Amino acid sequence: MKRFLKPLMVLISTLALLIASTSSMACYAWLLREPKMPESLIKAD
Amino acid sequence: MEFPERMSAKITTVIAAHLDDLSEEKLAEINYGIAVFIANSYKMIIIFILAILLNVFKYFLVAFVSFGALRSFASGVHAKREWTCLPASTLFFSCVIYLGMTVNLNIYAISFIFALCFAAVLKYAPADTEERPIASSKLRRKLKLMSCITVVILYAAALYNRGTPVSSIIVFATLFESVLILPVTYKLAGSMYGVGIRINNKGEV
């Protein structure tokens with residue numbers, strides 16, 4: 001079980017990072033409430 | 001802390017325990033990504049099941065895709081609390097589907113409503129929030145352009161399906177989403193409009 005845990009965590013982290021980075025460019029939260037975005041994802045000129 | 005944030009914080013703690021080479025910044029981003037996923041997915045599943053039970057899944061899908069396509073780029077006001085979000089979303093989609101199924105719009109009404117929506121999108125999109133500010137003016141321009149293109153595509157889809165409930169559902173979904181980007185809606189919801197523009201002008205978050 002433990003051998004699968006680390007790859008699983010890597011997979012979840014990668015997907016979460018993908019969602020986080022795309023949601024900084026487009027609105028993912030279609031259904032009316034969005035969590036607070038971390039400052040590192042706020043793009044400025 | 002709301003339910004999705006609580007859950008994502010727990011999952012992020014487990015991730016941090018197993019992957020020790022992640023920085024605080026990356027962990028915050030992972031935490032946010034998981035929270036976004038949880039906040040959307042469980043509500044989507046509930047609303048999808050409700051639509052299937054009420055035998056309006058086809059119409060719900062039309063409303064969901066039309067609304068979501070425009071919302072992805074134009075954004076708009078969001079519920080402040082988790083417990084208000086699900087009833088608000090359900091009520092929103094119920095209204096769109098009910099109006100779409102009962103009101104038959106002619107070509108003039110469709111064109112008039114889309115002209116209003118286009119004007120709103122042209123003036124106010126992308127309407128960001130305090131939770132997710134869009135500070136980059138380059139990104140804002142890109143999102144505005146994408147929002148305008150989406151309205152045009154939805155208008156074409158509404159005209160193509162005119163005379164059917166699908167057309168009216170597309171029109172009402174676009175209209176409702178356009179209302180959600182107006183500054184007056186932000187005022188009524190107690191949210192701040194144009195946070196990203198303020199950050200960009202003053203250089204502060």
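## Packed helices in a two-chain model

In chain B, Val151(B), Leu154(B), Ala157(B) and Ala158(B) of α6(B) meet Ser167(B), Ile170(B), Val171(B) and Thr174(B) of α7(B). Contact here means C-beta atoms, placed from the backbone, within 7 Å. This meeting of α6(B) with α7(B) counts 6 nonpolar, 2 polar and no charged residues. Nonpolar covers Ala, Val, Leu, Ile, Met, Phe, Trp, Tyr, Cys and Pro; charged covers Asp, Glu, Lys and Arg; the others, Gly among them, are polar.

The model is predicted, with local features needing pLDDT of at least 70, side-chain atom pairs counting only at pLDDT 80 or more, and totals for chains, interfaces and linings using all residues. Residues are numbered from 1 along each chain as its sequence is written, while chains are lettered from A and ligands numbered from 1 in the order in which they are written.

**The two chains**

Chain A has 1 helix and 0 strands. Helices (H or I, at least four residues) and strands (E, at least two) are DSSP runs numbered from the N terminus. Chain A runs to 45 residues, and 38% of them count as buried. Buried means 20 or more other C-beta atoms within 10 Å, exposed means 12 or fewer, and partly exposed falls in between.

**The cores**

The largest nonpolar core holds 42 residues. Such a core is a set of buried Ala, Val, Leu, Ile, Met, Phe, Trp, Tyr and Cys residues joined through C-beta atoms within 7 Å. Ala63(B) and Ile169(B) touch the most other members. Five elements of chain B each give two or more residues to this core: α3 (57-74), α4 (82-102), α5 (107-124), α6 (137-160) and α7 (165-180). The largest share, 10 residues, comes from α3(B).

Which residues does Ile169(B) touch, leaving out those up to four places away in sequence? They are Tyr59(B), Val62(B), Ala63(B), Val96(B), Ile97(B) and Gly100(B). Another core, of 13 residues, lies apart from the largest one. Its members include residues of both chains: Ile19(A), Ala20(A), Ile34(B) and Ala35(B) are among them.

**How the helices cross**

Axes are lines fitted to C-alpha atoms, for helices over the stretch in contact, and angles run from 0 to 180 degrees between N-to-C directions.

| Helix pair | Axis distance | Angle |
|---|---|---|
| α6(B) and α7(B) | 8 Å | about 155° |
| α1(B) and α2(B) | within 8 Å | roughly 135° |
| α2(B) and α4(B) | within 11 Å | roughly 40° |

α2(B) is therefore oblique to α4(B). Angles under 35 degrees count as roughly parallel, over 145 as roughly antiparallel, 65 to 115 as roughly perpendicular, and the rest as oblique. α2(B) passes α4(B) in a right-handed crossing. A crossing is left-handed if the near helix is turned anticlockwise from the far one by less than a right angle, and right-handed if clockwise. From α2(B), the contact uses Lys43(B), Ile46(B), Ile47(B) and Leu50(B); from α4(B), it uses Cys85(B), Leu86(B), Ser89(B), Thr90(B) and Phe93(B). Here 6 residues are nonpolar, 2 polar and 1 charged.

α1(B) and α2(B) are also oblique to each other. Their crossing is right-handed. Contact residues of α1(B) include Pro4(B), Met7(B), Ile11(B) and Ile15(B), and those of α2(B) include Leu27(B), Ile30(B), Ile34(B) and Ile38(B). By class, the contact of α1(B) with α2(B) has 12 nonpolar, 3 polar and 1 charged residues.

α6(B) and α7(B) are roughly antiparallel to each other. α6(B) passes α7(B) in a left-handed crossing.

**Single residues to look for**

Lys10(B) sits in helix α1 (residues 3-18) of chain B. Lys10(B) counts as exposed because it has 12 C-beta neighbours inside 10 Å. Its C-alpha atom lies 38 Å from that of Val121(B), 111 residues away along the chain.

Most residues other than glycine have a negative phi, and most peptide bonds are trans. Now for some departures. Asn55(B) is not a glycine, yet has a positive phi of about 60°. Asn55(B) lies in the loop between α2 and α3 of chain B. Is Asn55(B) buried or exposed? Asn55(B) has 8 C-beta neighbours inside 10 Å, so it counts as exposed.

Ser75(B) is not a glycine either, and has a positive phi of about 55°. Ser75(B) lies in the loop between α3 and α4 of chain B. Ser75(B) is buried, with 27 other C-beta atoms within 10 Å.

Finally, a cis peptide bond joins Ala125(B) and Pro126(B), with omega about -5°. Pro126(B) lies in the loop between α5 and α6 of chain B.
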